Amino acid sequence: MKELFTTKRGRVHAIYLLGLVGMVVLVILTLCTRTNVPPLNGTNSYADISGDWHLTPGGDEEVSLAKPSQYLGEGETTLYLYYTLPQEISGSTALIYRTKDTYSKLFVGEELLCETARPDSRFYNRSPGNLWNVADISEKYAGQTLRLEITMVYDKSAFTIDHTYLGDKLCIVSDMVHKKMWAILLSLFMILIGIVLMVMELLTKKDIQNHDDNLTRTKGMFYLGLYSLLIGIWSILETSVLQFFVADGRLIQLLNNIVMIIDTLPLFLYLDCEQGILKSRIPRWLCAADAVYIVFCVVMQLTGIKDLHDILLGSQIALLVGNILYLYIAIKLFKLALKDKVRRVSLILQTFGISAIFFSGILEYTRYSQIDSMDRAGHLRVGILIFIVCCGIGTQINTNRLIRQGHEYDIVSKLAYRDGLTGMGNRTAYLEFLDVCTKTRVSKLGIVFLDINNLKYVNDNLGHDMGDALIKEAARIISESFGKVGGVFRIGGDEFCALIKSESPEADYNTAKEKFEKLVEESNANNENNLEIHIAHGFCVCTELSKERVDAAIKTADEAMYVDKANLKKVYKVAAV
């Protein structure tokens, strides 16, 4: 967390996360402040009547809905279209038409059949966005003329009405859903992949050592998962199927714009975690600008100065810049794959994935610049899915390699800081523990020195195997007593130390001492080898943790231990050491 504010790359991540949180807050505020949402308007065959509309009632000139803005005069914002219903209409007939960035009303004479729902919140966009309008057409309207009033919200370039169908409502909706089923399944798959990758990041980072490079790489899986999740949400919104079942089109429009604004940067942050692109100045500036733009969008929407649709140009620029950056990175990765044998498979997968998103992005941008497509994610959906799968596999390969390195580090660490025979901390761990205590200035430190009596005699007369058994038993007793209140270490062949770091080391020492003496008695009572164990110990408390005072306390505890050792020899008449 600290690196988010102390490094240039970290600040880019921090600004983006701030913008991301802002967008989530924006959605929550919208949901909390909007008015009640009316139910979806309306109730086997159907016909496409997009070419049967006219500018006047009963007119002969057909209207092209490809560019309806061409029929608006200077300063006009509302277009009137007319359609004459057939003479025979069944009871389940409905008129369904798609509009984008417009509000519409449908009349028969002066009777209102359908109008765009206007659930309100001051945090909404002005536009209802991409919307399916559904109007039930009763049999009594047969042969009459419909009047459709369409009012644009932004400008003529965003003025759209198309896909007008007349017929059985259920048939129309089911057919639209069926046509988009493949796209829906791909979108749901991307959402699932995103959730899985984010969960995997939370699980796998626990298995990787706390090194900056390793942790940075594992963050990449989170950002790739976030990117997959956002693109999956955007992709399913772009199918225009959800709009059939959600009455609040303005909320869908808001979500669509939010995802379009924030979905580019996670990909850059993933590439930074994997390839370190933010180490270079220009990519870092571009990503920082995108992060600032996201925060700017939040502020504009919350204050009402501009809505998100008005400032979508920034996201389009980010997409174009991103495509150029993707091509550069793909070439760089391919060159690196030729040199790096260890990461070659993951690098080739990432190269292929980034190339897929580059080419699909170019195709989609070209198509969208030519026509106002109902689904802007057609080509991009497939390209992004290929990218996510390839990069997800590549990232997981790298992660598994890091986990193996982490396990190897664990083994080396244990060898460096653990006593091989007893599993206790060794002398190196003991010295580092003391160093930490003196630097952090803990209030008090209790020092206990312990020594096994008679070990040399056992080694010389009974063998080193028996001596090792004696050491292990002493280590067990010390760990189960003094190890409960402090750190325990084997600092020599028969020498041990317990360091009690607490506010009342005397009380902890007395508690541990009682347990220690009880364990010694139990061990000797249950001894099958007729070999008693006697452990001398000495204790001292250091209240001022300067190096000099700690050294003096260690000397005092050591001297007290030797006094106890001599007393044990007299009491139990053990052999000389």
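Residues are called buried when their relative accessible area is under 20%, exposed when it is over 50%, and partly exposed in between (1.4 Å probe, protein chains only). On that scale Arg 549, at 46% relative accessibility, counts as partly exposed. The model is a predicted one, in which local features need pLDDT of at least 70 and side-chain atom pairs count only at pLDDT 80 or more, while totals for chains, interfaces and linings use all residues. Residues are numbered from 1 along each chain as its sequence is written, and side-chain values use heavy atoms, with hydrogens and water left out.

Side chains of opposite charge can pair when their charged atoms come close. With a salt bridge taken as a side-chain nitrogen of Lys or Arg within 4 Å of a carboxyl oxygen of Asp or Glu, the count comes to 14 salt bridges. One of them joins Arg 549 to Glu 544, with the closest N and O atoms 3.3 Å apart; Glu 544 is partly exposed, at a relative accessible area of 42%. In another, the side chains of Asp 451 and Lys 565 meet at 2.4 Å, N to O. This pair links distant parts of the chain, 114 residues apart, as Asp 451 belongs to strand 9 (residues 445-452) and Lys 565 to helix 16 (residues 547-572). Here helices (H or I, at least four residues) and strands (E, at least two) are DSSP runs, numbered from the N terminus. Asp 451 is buried, with a relative accessible area of 3%, and Lys 565 counts as buried at 7% relative accessibility.

A further salt bridge connects Asp 310 with Arg 126, whose closest N and O atoms are 3.3 Å apart. Asp 310 sits in the loop between helix 8 (281-303) and helix 9, and Arg 126 in the loop between strand 5 (111-115) and strand 6 (130-136), so the pair ties together parts that are 184 residues apart in sequence. Asp 310 is partly exposed, with a relative accessible area of 33%, and Arg 126 is partly exposed as well, with 42%. Together with Asp 307, these two residues are linked in a network of salt bridges.

Aromatic rings come next. Rings of Phe, Tyr and Trp (its six-membered ring) are paired if their centres lie within 6.5 Å, and planes under 30 degrees apart count as stacked, over 60 as edge-to-face and the rest as tilted. The structure holds twelve such pairs. Among them, Phe 244 and Phe 245 form an edge-to-face pair, 6.4 Å centre to centre with 65° between the planes. Phe 244 is buried, with a relative accessible area of 4%, whereas Phe 245 counts as exposed at 55% relative accessibility. Phe 268 and Tyr 326 make a tilted pair, 6.0 Å centre to centre with 45° between the planes. Phe 268 lies in helix 7 (residues 265-275) and Tyr 326 in helix 9 (residues 313-339), so this pair ties together parts that are 58 residues apart in sequence. Both Phe 268 and Tyr 326 are buried. Elsewhere, ring pairs link Phe 482, Tyr 509, Phe 516 and Phe 539 into a cluster.

The setting of helix 7 deserves a word of its own. Eleven of its eleven residues are buried, so helix 7 is largely enclosed by the rest of the structure. Helix 7 is followed by Gly 276, whose phi is positive, near 65°.

Arg 118 lies over the face of Tyr 103, at 3.7 Å from the ring centre, and the charged end of Arg 147 sits over the ring of Phe 107, 4.4 Å from its centre.Cysteines form zero disulfides in the structure, a disulfide being a pair of cysteine sulfur atoms within 2.5 Å. For Cys 542, the nearest cysteine sulfur, that of Cys 540, is 7.2 Å away. Cys 542 counts as buried at 4% relative accessibility.

Key:
Lys NZ or Arg CZ within 6 Å of the ring centre and 35° of its normal.
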